[in-house]
Amino acid sequence: MSTPSQKNRFRYFITLILLLWPLIAQAKINVVATLPDFGSLAREIGKDKVEIVVLGKPNDDPHFVQPHPDFVGSLHNADVLIDGGAGLELEWLPPLLQKARNPKLDTGKPGRVQASQGIRLMNIPTGVTRGSGEAHPNGNPHFTVDPLVAKAVAQRIAKAFMAVDPPNAAFYDANYKKFETAINTKLQWWRGALQLFQDQHVVAYHDSWPYFAHRFGLKIDIFLEPSPGTPPSASHLTEVIQKMKKNRIKLILVEPYQDRRIAEKVARAADASVIDFSQFPGGIPGTDNYVSLINQLVKLLADAMK
């Protein structure tokens, strides 16, 4: 037979549970994305069920994001980490993970999403290492600008959220399907907008665009950098100018973290134009999410090529 004291404790416990239940039920999973493209895809899938911290900014060089003291705390408290897994963050992410000491983010755990898993990387060099100065020793890691690849990455993110937060699995799955539908719907328009410019050459500062070029039938295969991560030399830029004149190439793509002055100098010499481009949502105006980013990139190119 329970005593009055026991009954009071039981009532207090029940009252406490009822008061705290809304907070428990609404608890969000903590997500860290290394870069804005992964963060944008995570928001599409998680919406109000997740708290997302993105380490790199849209105007950062993704190969060399400057670590901030808050990064370690965010990683320590994270339930899910989304990174490229293809060497893009190799210079700065591993030391942060070592300090964060969060086993939930270890490779192979449900909370670790390495976006390149299952993706066939392009432009894998032979006999090249990171130490040799090549920024893409494992293959080109700038794959999310292909909308079909982005769908695959979004699906991996959805599966990770479902594994970490099973009660909301149907929510994450439904959001992935909405994103998939949005991409499928837009893809026909994107292809159509660039259909007239198939096989046309475009110059880029850095080799960020092979997946985009492959998807939309362009040739973005001449670069202001002699090799990924190598600063432009005067002799190399002279060669680029000669190629542009010979092939009548009129566009140079420049991302926010790259030296626009160099691109403008080359453009003047080759009678070409410089276009501000970005692989990340938020990197150029009118690109607050993934679909709007691809929309704007396609529109910029289509308008400039007319």
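Select the residues lining the largest pocket: by class, six are nonpolar, five polar and three charged (Ala, Val, Leu, Ile, Met, Phe, Trp, Tyr, Cys and Pro count as nonpolar, Asp, Glu, Lys and Arg as charged, and the others, Gly among them, as polar). The model is predicted: local features need pLDDT of at least 70 and side-chain atom pairs count only at pLDDT 80 or more, while totals for chains, interfaces and linings use all residues. Residues are numbered from 1 along each chain as its sequence is written, and side-chain values use heavy atoms, with hydrogens and water left out.

**The pocket**

The lining comprises 14 residues, and those nearest the pocket centre are Asp61, Tyr205, Glu225, Gly229 and Tyr257. A pocket is defined on a 1 Å grid over the protein atoms alone, as an open set of points where a 1.4 Å probe fits, with protein on both sides within 12 Å along at least five of seven lines; lining residues have an atom within 4 Å of a point. The space in this pocket is about 190 Å³, a volume being the space filled by probe spheres set on the grid points, which are joined across faces, edges and corners.

**The sheet β2-β1-β3-β4**

Next, select the four strands of the open sheet ordered β2-β1-β3-β4, in which the pairing is parallel. Strands (E, at least two residues) and helices (H or I, at least four) are DSSP runs numbered from the N terminus, and two strands pair if DSSP finds at least two bridges between them. Because β2 and β4 (112–114) are the edge strands, each with a single partner, one side of each has no neighbour in the sheet. On average, neighbouring strands are turned by 15° against each other, direction ignored; axes are lines fitted to C-alpha atoms, for helices over the stretch in contact, and angles run from 0 to 180 degrees between N-to-C directions.

Zoom to β1 (residues 29–33) and β2 (residues 50–54), parallel strands joined by five bridges. Ala33 has Val54 in β2 as its bridge partner. From β1 the chain crosses through helix α2 (residues 36–46) to β2 in a right-handed β-α-β crossover: with the strands pointing away from the viewer, the path from the first strand over the helix to the second runs clockwise.

Move to β3 (residues 80–83), which pairs with β4 in the parallel sense over three bridges; Ile82 stands opposite Val113 in β4. Then display helix α5 (residues 147–164), which lies across β1, β2, β3 and β4 and runs at about 170° to β4; contact means heavy atoms within 4.5 Å.

**The sheet β6-β5-β7-β8**

Select the open sheet of four strands in the order β6-β5-β7-β8, again with parallel pairing. Its edges are β6 and β8 (273–276); each has a single partner strand, so one side of each is left without a neighbour in the sheet. The twist from one strand to the next averages 35°. Helix α9 (residues 260–270) packs on the sheet, touching β7 and β8, and its direction makes about 150° with that of β8. Helix α8 (residues 234–247) lies across β5, β6 and β7 (251–254), at about 145° to β6.

Within this sheet, three bridges join the parallel strands β5 (residues 201–204) and β6 (residues 219–223). His201 stands opposite Lys219, and Ala204 has Phe223 as its bridge partner. With helix α7 (residues 210–216), β5 and β6 make a right-handed β-α-β unit.

**Two loop residues**

Finish with two aspartates. Asp199 is in the loop between α6 (169–194) and β5, with a positive phi near 70°. Asp271 is in the loop between α9 and β8, with a positive phi near 55°. Most residues other than glycine have a negative phi.
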